[in-house]
Amino acid sequence: MFIRAARHEDVPDIAHICATGWRDATADIVADENVEATVETRFETSRLEREVRRADDMHGWVVAVEDGRVVAAGGGGLTGTKSGEVFALHVRPDARGSGAGTALLRTITAQHVVSGAREQWASCLDGDEET
């Protein structure tokens, strides 16, 4: 497995991985209509294409690739001069436990540190024990 910056051709995989991950994480926690509204807003392909192209302070998206297949996707960026945030990090269900998520988190963290961040924020849903 290796980690690299996301490319235009990765956008469909990023959208699928993140939408699936969000649905799994929010099952039985968030109302279905709110889940789908988030999927349609945050993981819509034209938005992701813009974010993949624009890799400045946001750092863009990074992906974990195993056997030629994108198995995880994550993105983060600076939210202040000394702070960064992980905005999204999702792993294909069949790749969970493989270390792909950990590798992405380490990469995003390194991007933040190199850019001057001394703290990093991430959030998860209360009650999401499985994903």
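Analyst: This is a predicted model. A salt bridge here means a side-chain nitrogen of Lys or Arg within 4 Å of a carboxyl oxygen of Asp or Glu.

User: What makes glutamate 51 and arginine 47 a salt bridge?

Analyst: Their closest N and O atoms are 2.9 Å apart. The cut-off is within 4 Å, so the pair qualifies. Both residues lie in helix H3 (residues 45–53). They sit four residues apart, about one turn of the helix.

User: Why is glutamate 51 called buried?

Analyst: Its relative accessible area is 9%. Buried means under 20%, so glutamate 51 is buried. Arginine 47 has 28% relative accessibility.

User: What makes arginine 23 and glutamate 36 a salt bridge?

Analyst: The closest N and O atoms of arginine 23 and glutamate 36 are 2.8 Å apart. That value meets the 4 Å limit, so the label holds. The pair links distant parts of the chain. Arginine 23 is in helix H1 (residues 11–26), and glutamate 36 is in helix H2 (residues 32–42). They are 13 residues apart.

User: What is the distance behind the salt bridge of arginine 7 with glutamate 9?

Analyst: The closest N and O atoms are 4.0 Å apart. The rule asks for within 4 Å, so the pair is counted. Arginine 7 has 42% relative accessibility and is therefore partly exposed. By this rule the count comes to seven salt bridges.

User: How do you know whether cysteine 18 and cysteine 124 are buried or exposed?

Analyst: Cysteine 18 has a relative accessible area of 0%, so it is buried. Cysteine 124 has 66% relative accessibility. Exposed means over 50%, so cysteine 124 counts as exposed.

User: What places arginine 42 over the face of tryptophan 22?

Analyst: Arginine 42 is at 6.0 Å from the ring centre. The distance limit is within 6 Å, with the charge also within 35 degrees of the ring normal. As for aromatic pairs, the structure holds zero.

User: Why is alanine 103 called partly exposed?

Analyst: Its relative accessibility is 21%. Buried means under 20%, so alanine 103 counts as partly exposed. Alanine 103 is found in helix H4 (residues 100–114). Alanine 103 and alanine 64 are 39 residues apart in sequence and 7.6 Å apart in space, C-alpha to C-alpha.

User: How do you know that the chain agrees with a compact globule?

Analyst: With 131 residues, such a globule would have a radius of gyration near 14 Å. The chain has 14 Å, so the two agree. Its C-alpha trace spans about 40 × 30 × 30 Å along the principal axes. Buried residues make up 40% of the 131 residues.

User: Which elements does the chain hold, and in what order?

Analyst: There are four helices and five strands. From the N terminus on, they run β-α-α-α-β-β-β-α-β.

Definitions and conventions. Residues are numbered from 1 along each chain as its sequence is written. This is a predicted model: local features need pLDDT of at least 70, side-chain atom pairs count only at pLDDT 80 or more; totals for chains, interfaces and linings use all residues. Side-chain values use heavy atoms; hydrogens and water are left out. Helices (H or I, at least four residues) and strands (E, at least two) are DSSP runs, numbered from the N terminus. Buried means under 20% relative accessible area, exposed over 50%, partly exposed in between (1.4 Å probe, protein chains only). Rings of Phe, Tyr and Trp (its six-membered ring) pair if their centres lie within 6.5 Å; planes under 30 degrees apart count as stacked, over 60 as edge-to-face and the rest as tilted. The radius of gyration is taken over C-alpha atoms; the globule rule is 2.2 Å times the number of residues to the power 0.38.
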